[in-house]
Amino acid sequence: RGTSQLQDWMRERRVSVMFTYPQLFRQLTADNKNRYPELRFVHLSGDQLNHDDVVRFDCYCRSGAVLHNSYGSTEVPWIAGYIHRHGDEVPHPTLPVGELVCPSEICLIGEDGVEVSDGQQGEVVVTNVWTGGIPFRTGDLAYIDTTRKLHLIGRTDDQLKIRATRINPLQVERALNQHREIEQCAVFQFADTHGNQRLGCCFVA
């Protein structure tokens, strides 16, 4: 039944606060029937949010509701956070992952290993108590805008992220290539019609 049972349960219980990841939120707001008039706070993490996600939030949630988009990793739970209030303008195609929680502990490093200036892209590097004081390279490429908000734009490696889970495409390809009917394959990431990230594969049999 997909998410229909969860949708019914949320309305019956008059759920007002939700913590989840973007892909599930998109499924819960995939049609025009299931609105959540009691939902006043939504916390999403694990993937980038785009303009359509915010439109869905404004459409399906009550006036005055708050959307919190957070960014972190298994190693460093909370790096940045961004708050969107119901009806606020979204100035970018993707929602910023937000203001740095502890700016002094986070920097962006260029390919030459030197910290980049605001507006320039670099790898997010964190040095705090979670990392034991050792610089932790997240592998995420980002830039900081003029309002000091962090924007993710990609990865420094081939790692993919599906439903907040990191996936190494080379490992998947290696497993698929063991199949006797597959001569060669290539794994890739793509967005479906709802904006959810999916894992795909092209192969030669």
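The structure holds 10 salt bridges, a salt bridge being a side-chain nitrogen of Lys or Arg within 4 Å of a carboxyl oxygen of Asp or Glu. This is a predicted model, in which local features need pLDDT of at least 70 and side-chain atom pairs count only at pLDDT 80 or more, while totals for chains, interfaces and linings use all residues. Residues are numbered from 1 along each chain as its sequence is written, and side-chain values use heavy atoms, with hydrogens and water left out.

| Salt bridge | N to O distance |
|---|---|
| Asp8 and Arg11 | 2.8 Å |
| Arg148 and Asp118 | 2.7 Å |
| Arg198 and Asp192 | 3.0 Å |

Asp8 and Arg11 belong to helix α1 (residues 4-12), where three residues, about one turn of the helix, separate them. Helices (H or I, at least four residues) and strands (E, at least two) are DSSP runs, numbered from the N terminus. Asp8 has a relative accessible area of 28% and is partly exposed; Arg11, at 31%, is also partly exposed. Here buried means under 20% relative accessible area, exposed over 50%, and partly exposed in between (1.4 Å probe, protein chains only).

Arg148 forms a salt bridge with Asp118. This pair joins distant parts of the chain, 30 residues apart: Arg148 lies in the loop between β8 (136-144) and β9 (149-155), and Asp118 in the loop between β6 (106-109) and β7 (122-126). Arg148 is partly exposed at 40% relative accessibility, and Asp118 is partly exposed at 43%.

In the pair with Asp192, Arg198 is partly exposed, with 29% relative accessibility. Finally, a network of salt bridges links Arg26, Asp53 and Arg56.
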